[in-house]
Every structure is written in structure tokens, then in C-alpha cells.
There are 2 protein chains.
Amino acid sequence: MNPEANIKRRFRTQELDADEIQEPAPRSDAAGVEIGLNAAIVAVIDDEPVALVIREAEGATGQGDMLPFGPFSPIAHRTLESGLRSWVAEQTGLGLGYVEQLYTFGDRGRHAEPGDQSLHVVSIGYLALTETGHARDLQHGAWRSWYQYFPWEDWRKGRPEILAAEIEPRLRDWAQRPALRSAPVRPVPREDRIRICFGIDGGTWDEEKVLDRFELLYEAGLVDEARRDGREASSAWTGALPRLGVSMQFDHRRILATAIGRVRAKIKYRPVIFELMPDDFTLFELQKTVEAILGPHLHKQNFRRLVESAGLVEPTGDVKTQTGGRPAKLFRFRREVVLERPAPGVRVKAIRS
Amino acid sequence: MNPEANIKRRFRTQELDADEIQEPAPRSDAAGVEIGLNAAIVAVIDDEPVALVIREAEGATGQGDMLPFGPFSPIAHRTLESGLRSWVAEQTGLGLGYVEQLYTFGDRGRHAEPGDQSLHVVSIGYLALTETGHARDLQHGAWRSWYQYFPWEDWRKGRPEILAAEIEPRLRDWAQRPALRSAPVRPVPREDRIRICFGIDGGTWDEEKVLDRFELLYEAGLVDEARRDGREASSAWTGALPRLGVSMQFDHRRILATAIGRVRAKIKYRPVIFELMPDDFTLFELQKTVEAILGPHLHKQNFRRLVESAGLVEPTGDVKTQTGGRPAKLFRFRREVVLERPAPGVRVKAIRS
DNA sequence: TGATCATATACTCACGCCGAGCATATGAGG
DNA sequence: CCTCATATGCTCGGCGTGAGTATATGATCA
């Protein structure tokens with residue numbers, strides 16, 4: 001049995017995803033699939049969470065920022081990850097440290113430039129974390145706050161106004177309109193999806209659902225990428241739509257959303273936060289970095305107790321003065337924790353026989 | 001700036017992964033990358049966790065079982081996931097329900113048939129969960145206990161003997177030998193990796209680290225796939241190596257390992273376990289299914305309390321007799337929970353301003 | 001120089017989750 | 001009808017964690 005010699009068209013099984021993407025007629029052939037490697041590189045600079053973007057010159061053909069990316073070449077690249085590192089090094093001058101694969105996007109139309117709907121690119125998104133010190137080595141590109149692309153995710157000053165002012169009314173309007181081509185077996189009502197994603201009507205805001213929120217806005221035609229991809233805008237708001245965040249080229253904003261959600265989730269069960277920290281830091285600086293990633297404020301004393309009792313840090317012996325008050329003890333990451341604890345806090349804990 | 005018109009060979013940045021794969025000379029050109037869609041389809045039949053495999057006829061060219069898979073065709077397939085569903089339907093007759101992307105594997109040599117080391121295939125692995133009832137609709141292929149491929153993961157009867165008898169001594173031997181080509185910046189000593197992955201010397205067994213354990217065995221040359229891919233076997237044991245689990249073709253065992261780890265992790269924070277259950281079930285049947293996935297036994301009363309108090313199930317009103325004792329109440333999954341709770345149990349909880 | 005303030009650090013308490021054991025209900029099978 | 005196996009219900013104790021209060025120490029400025 002050799003399935004590779006057996007490419008033919010076949011019937012569509014029922015689709016479970018509630019996706020309504022328009023389908024342009026494909027033009028390229030089966031072999032013409034290109035693999036794009038995309039890097040969402042995250043750092044925290046001056047307590048601001050930032051992503052590394054390549055900014056398009058004004059008036060250029062494309063529209064908006066891009067993430068560093070390039071095609072995967074099986075000749076030049078030993079692995080997918082090394083290919084990514086090469087592209088990032090070439091395009092930005094940055095040598096990556098921590099790198100983690102996020103997701104592979106392959107929907108039609110998502111990664112399409114205007115006028116060329118048939119380019120079939122499968123995007124493999126990666127998350128990279130960079131220490132603030134290294135972040136300043138940048139040669140090309142720019143660090144840009146990720147809240148410029150997702151203003152509704154910025155809860156540092158309380159609930160963002162854009163939610164009640166712009167997003168929620170338009171989403172409610174969209175929820176009233178009939179779904180066009182969705183054929184999920186058991187569709188989740190739009191009202192419920194909105195409530196879950198945006199935590200309204202008694203729901204709670206889950207800071208990890210960054211991608212879900214962006215995809216909902218995309219489906220509702222409320223972000224520029226949706227209109228660019230040919231999705232019709234909400235009829236009631238056509239022409240009067242404000243830009244919900246700064247858009248990006250291709251599906252890069254989706255990849256960045258995936259990255260933000262992943263970081264926010266991961267720092268809770270893996271010590272990846274230290275990938276963003278310099279070698280020595282105060283506990284308050286650490287907390288500020290965590291808050292930059294997660295959003296809302298944390299309880300200071302409990303944060304301190306948590307971090308110390310978990311054995312995540314150890315004091316260096318030095319202190320940092322000029323903090324505006326009592327000098328703060330400096331700490332460093334205890335790398336040995338990963339050798340000691342398996343993974344802090346699992347839910348259903350098993351009992352040993 | 002157009003990175004796509006800029007494919008050329010570039011220097012290698014430092015590699016952070018501790019990988020020592022041999023690198024055959026590439027033969028295909030840059031455009032010849034094929035995308036393989038692979039499905040790890042999981043079910044629980046008679047309290048046994050099983051995966052759907054295509055069994056190779058005896059004496060055929062390849063060696064070992066395969067997961068259902070096929071190449072992605074941008075013409076025939078609207079999305080990656082619909083392509084996967086098509087391939088599975090064709091090869092097994094099974095219509096998939098819950099499907100989730102796992103990981104994209106792209107290392108050289110991993111997905112290579114003997115004698116053709118230059119085939120460049122990027123494998124996108126998927127996890128699918130199938131209810132026991134649907135599982136019997138199978139037309140081609142076979143359900144096979146996943147512990148046949150990973151006997152060291154089977155802790156239902158206590159710690160598997162194969163660990164102390166076969167695996168640990170060989171791993172300790174491997175740890176003593178010098179690393180050949182690894183060039184990580186901050187290498188984790190082999191002893192520590194073994195201790196973390198297999199929970200020996202005071203470590204704890206983490207049932208989610210299925211992939212880490214398999215990759216360690218691969219690196220140590222202790223699984224058949226490693227030898228097939230050209231990795232030299234442990235010198236001290238050459239010729240006397242027992243097979244550690246049943247091997248699979250290509251990198252399918254690695255994908256299955258990823259799938260097992262993902263299911264084990266995911267049932268702890270998402271109600272995916274019900275994708276494996278029939279509509280009506282007793283709480284003990286539910287517990288048995290969870291235990292089939294996770295391994296060790298759970299505390300019965302606490303499991304019951306957890307499931308009920310979380311609002312995950314509701315009684316149907318019926319009972320199931322002939323259970324050998326008092327008839328058990330039948331329950332069904334309360335789908336509304338996903339509309340109510342965001343995600344049970346996050347670690348660092350944020351306080352509202 | 002000393003008063004004042006801001007920050008760092010320490011201690012305490014209470015609630016709730018969860019591991020663990022005991023007790024009771026109910027029907028099957030001999 | 002007795003016995004057993006399983007289902008179901010209840011309770012206790014420890015620990016994690018949210019949250020408040022108290023103290024230490026140095027910067028800043030009148």
C-alpha cells in the first residue's frame with residue numbers, strides 16, 4: 001500500500017469546524033505547496049510586551065507589518081527550526097534562544113496576497129522568547145507592543161474601552177445575522193461563542209483565549225484581514241468600520257495571536273518566563289514581566305511566596321538600589337528546578353497503586 | 001523586501017536542540033517538499049486504549065504498522081484537516097469526530113524509507129478521538145493497544161517490568177558514553193534527562209512525557225526506528241538488543257507518542273474524555289476510560305465528586321443493571337459546561353484590579 | 001540632618017480544594 | 001435468605017492559596 005501514489009479527489013466528509021471561508025478556485029498543482037516558517041518573537045521591554053515585526057515601507061505593495069518569515073528549504077535547512085533561525089538571523093540579525101513550534105496553518109485564502117488567491121502556502125508558526133538584553137541587538141525590524149495589534153487584550157488599566165465601545169455591539173449585531181455556509185454537526189450558537197471568548201454576560205475573561213477572540217472577529221468580518229481575504233463585512237457597519245487593532249500581512253496576526261495565547265498559558269506551568277529576564281533581577285521586576293505577559297495585576301506577597309517556595313529562584317547576594325525605596329535583593333533563575341519538579345500542579349492527580 | 005525570492009544557503013546558527021541525527025546528502029530540490037497528513041486515532045475499547053493502525057502484510061516492503069496518512073493536496077483538500085478526514089475515510093472507512101492538530105515534524109531522516117533518504121516529507125500529526133460505538137464501524141485497519149508500541153507506559157499493573165529489566169540499564173550505559181555531535185549551548189546531562197523522563201533516582205513518573213521518553217530512547221539508539229534511520233546502536237548492546245515495543249513505519253511512532261501525551265494532558269483541563277464515551281454511561285465506566293488513558297488508578301469517590309461537582313455530567317434517570325452489584329445510575333455529558341466554565345483550574349490566578 | 005515616603009520583606013489567618021477513609025444503599029447470585 | 005460486589009454518600013484533615021496586616025530599610029527633600 002503506497003498512499004503517496006494515490007492522490008485523487010474525494011468526497012468531503014462533514015466539516016466540524018465552524019469556518020466560513022470563501023473558496024477561490026485553486027490554480028496551482030498538487031506539488032506546489034510551499035512551507036513558510038514564521039516567527040513570533042516576544043520580549044518584554046520596559047514592562048511592555050513586544051513582538052518583533054518587519055515594517056513595510058509606506059506605500060509599498062503589501063499592507064501592514066509582517067513577522068520574520070521565509071520558506072523552508074530542505075536543501076539549506078537541516079530542520080524546520082534551524083530554517084527558522086536562519087531566516088530570523090538574516091532578516092533581523094537576531095540569534096534566537098528559546099524556540100517552540102506553535103501551529104501549522106493551511107487554510108485556503110488565509111495566506112493570500114490580494115490578486116493572487118491561489119498561492120498555497122502552509123504556514124508553520126513558531127514562538128520565540130528573547131531576553132531584554134539581547135532584544136537590543138536588533139539590526140532590522142522593530143519591536144512593537146503586541147497590544148497595538150490586539151488592543152482588546154490590554155487589561156493593565158482595567159477592562160479596555162474598545163470592548164464595550166466597538167467590539168461588543170458589532171459582535172452582537174453579527175450574532176443576529178444568519179450564518180451562511182457553516183455546516184458544523186453541532187454548531188455552537190454565535191451568542192455563546194461571543195460570551196465565552198469575550199467574557200460578557202456573566203462569563204469570565206480568559207486571557208489565554210487570544211486566538212479564539214481573533215478568529216471570532218475574523219469570522220465576523222471585523223478585522224481588516226477578513227475583508228482582505230474576501231470575507232464580506234458586517235452589512236450594518238460597512239463603510240463605518242473602525243480598525244480593530246493594527247492588521248498584519250498574510251495570516252501573521254493569527255500567528256501572533258497564537259503566540260500570545262501560548263505564552264500566557266505556558267508561563268503558568270513551565271519556567272519560560274525566565275527566557276525573557278536578564279540573569280539577575282529583583283522579584284518585583286519578575287512580577288512586572290509576568291504582568292506584562294498576563295495582563296492584570298498579581299498579588300505581590302503571594303507572587304513572592306509562590307516563586308520562592310517553588311524553588312524557581314535563588315538570591316545572588318547582591319541588592320539593587322535606586323528602586324525608589326528599600327533596595328531589592330537580586331535573584332537568579334534556579335535552572336535545577338527543571339531537574340527536580342516534573343510539572344507544577346496537574347489536575348487529576350493519580351494515586352500510586 | 002520579499003523573502004520568498006531569496007532562497008539561498010546560509011550559515012547555521014547554533015543549534016539548541018540536543019539532536020544528533022545523521023545527515024544524508026539531500027537529493028530533491030527546494031520545491032519538492034511534500035506535506036503528509038497523519039492521524040493518530042484513539043479510542044478506548046473494553047477499557048483498553050487503542051490506536052487505529054494500518055497493518056502491513058507479512059513480508060511486504062515496509063516494516064511495521066502505519067498510522068492512516070496521505071499527502072496534502074491543495075487542489076483536493078480545502079483545509080489540512082479536511083484532507084486528513086478524507087484520507088482516513090478512504091483508508092479506514094471511519095468518519096472522524098473530534099480532531100486536533102498535534103505537531104509538525106520535519107527533521108531529515110526521520111520520515112525516510114530505507115534506501116531513499118532524500119524524500120523530504122513534512123509530517124503534520126493529528127490527534128482524533130473516537131467513541132467506542134463508532135470505533136466498530138471500521139472497514140480497514142485494526143485497533144491495537146497503544147501499549148504494544150509503548151509497553152513502558154503501561155502502569156495499570158504497577159511499574160512495568162521492562163523499565164528496570166531492559167530500559168534503565170541500557171540508558172545508564174548510554175549516559176556513560178560520550179555525546180558525539182550534540183552542540184547545545186547549555187546541554188542537559190544525559191543522566192538528568194533520563195531521571196526526568198523516566199522518574200528514577202527520586203524523580204516522579206510524569207505520564208504526560210510520552211514523547212520525551214520515546215525521543216530519549218531514539219537518541220540512545222534503543223528503538224528500531226533509530227537503527228533504521230542510521231543511528232548507531234549502543235555499542236555495548238549491539239546484537240543483543242530486544243525490541244522496545246513494536247516499531248512503526250516512518251515517524252509514526254513518534255506521532256503516536258505525541259498523541260498519547262497530548263490526550264493525557266488534555267483530559268485534565270478540557271472535557272475531551274467524553275469524545276471517547278457513548279452518550280450514556282455510568283460514572284465507573286467513565287472512570288475506567290480515564291484510567292485507560294492516564295494509567296494508574298484513581299480514587300473512586302473523589303473522582304465521582306470531582307466529575308459531579310464540576311457539572312460535567314447529568315443523570316439520565318435510567319440505571320444500568322447487571323453490573324455485578326447495585327445498579328449504577330446512567331449519566332450523560334453536560335455540553336453546557338463549556339459555555340459556563342472557561343477552563344477549570346489555572347495556576348497563577350489574576351486578581352481583578 | 002531628620003521627617004516622610006516608597007518600596008521590600010515577613011508573618012498570619014481563613015477558606016476551599018482535594019486526598020483519604022468510613023459508612024450505607026441496593027441489587028445479583030447462590 | 002444470606003452473602004457479596006458494586007454504587008453511593010458523608011466526613012475529616014492537610015495543604016495550597018487568596019488576602020490582609022505589620023515591619024525593615026533606604027531614597028528623597030525640606
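Reader: What joins β7(A) to strand β9 of chain A, and what makes them count as a pair?

Author: Happy to start there, with the reminder that this is a predicted model. Three bridges link β7(A) to β9 (residues 328-333) of chain A, and the two strands run antiparallel. Pairing requires at least two bridges, so three bridges are enough to call them paired. Within this pair, F281(A) sits opposite F331(A) in β9(A).

Reader: Which sheet do these strands belong to, and what makes a strand of it an edge strand?

Author: They belong to an open sheet of three strands in chain A, ordered β7-β9-β8, with antiparallel pairing. The edges are β7 (280-282) and β8 (313-320) of chain A, since each pairs on one side only. On average, neighbouring strands of the sheet are turned by 45° against each other, ignoring direction. Helix α8 (residues 283-294) of chain A lies across β7 and β9 of chain A, at about 85° to β7(A).

Reader: Now over to chain B. Why is K209(B) called buried?

Author: A residue is buried if 20 or more other C-beta atoms lie within 10 Å of its own. K209(B) has 22 such atoms, so it is buried. K209(B) is in the loop between α4 (190-198) and α5 (210-219) of chain B.

Reader: What does K209(B) touch, leaving aside its neighbours within four places in sequence?

Author: K209(B) is in contact with C197(B) and G261(B). As for R262(B), 53 residues separate it from K209(B) in sequence, while their C-alpha atoms are 9.2 Å apart in space.

Reader: Which residues touch the most other members of the largest nonpolar core?

Author: That core has 149 residues, and A40, V42 and L256 of chain A and A40, V42 and L256 of chain B touch the most other members. Take L256(A): beyond residues up to four places away in sequence, it touches A40(A), A51(A), L67(A), W146(A) and Y149(A).

Reader: How is chain A divided into domains, and which residues make up each?

Author: Domain 1 covers 31-149 + 248-266, domain 2 covers 157-245 and domain 3 covers 279-340. Six residues from domain 1 of chain A and five residues from domain 3 of chain A form the contact between these two domains. On the domain 1 side, β2 (48-53) and α7 (252-266) of chain A each supply at least two residues. By class, that side has three nonpolar, no polar and three charged residues.

Reader: And how many helices and strands does chain A have?

Author: Chain A has ten helices and nine strands. Of its 353 residues, 39% are buried.

Note on methods: Residues numbered from 1 in each chain as written. Chains lettered and ligands numbered in written order. Predicted model: local features only at pLDDT ≥ 70, side-chain atom pairs only at ≥ 80, totals over all residues. Core = buried A, V, L, I, M, F, W, Y, C linked by C-beta atoms within 7 Å. Buried ≥ 20, exposed ≤ 12 C-beta atoms within 10 Å, placed from the backbone. Contact = placed C-beta atoms within 7 Å. Domains from an automatic or database assignment. Helix = DSSP H or I, 4+ residues; strand = E, 2+ residues; numbered from the N terminus. Nonpolar A, V, L, I, M, F, W, Y, C, P; charged D, E, K, R; others polar. Axes fitted to C-alpha atoms, helices over the stretch in contact; angles between N-to-C directions.
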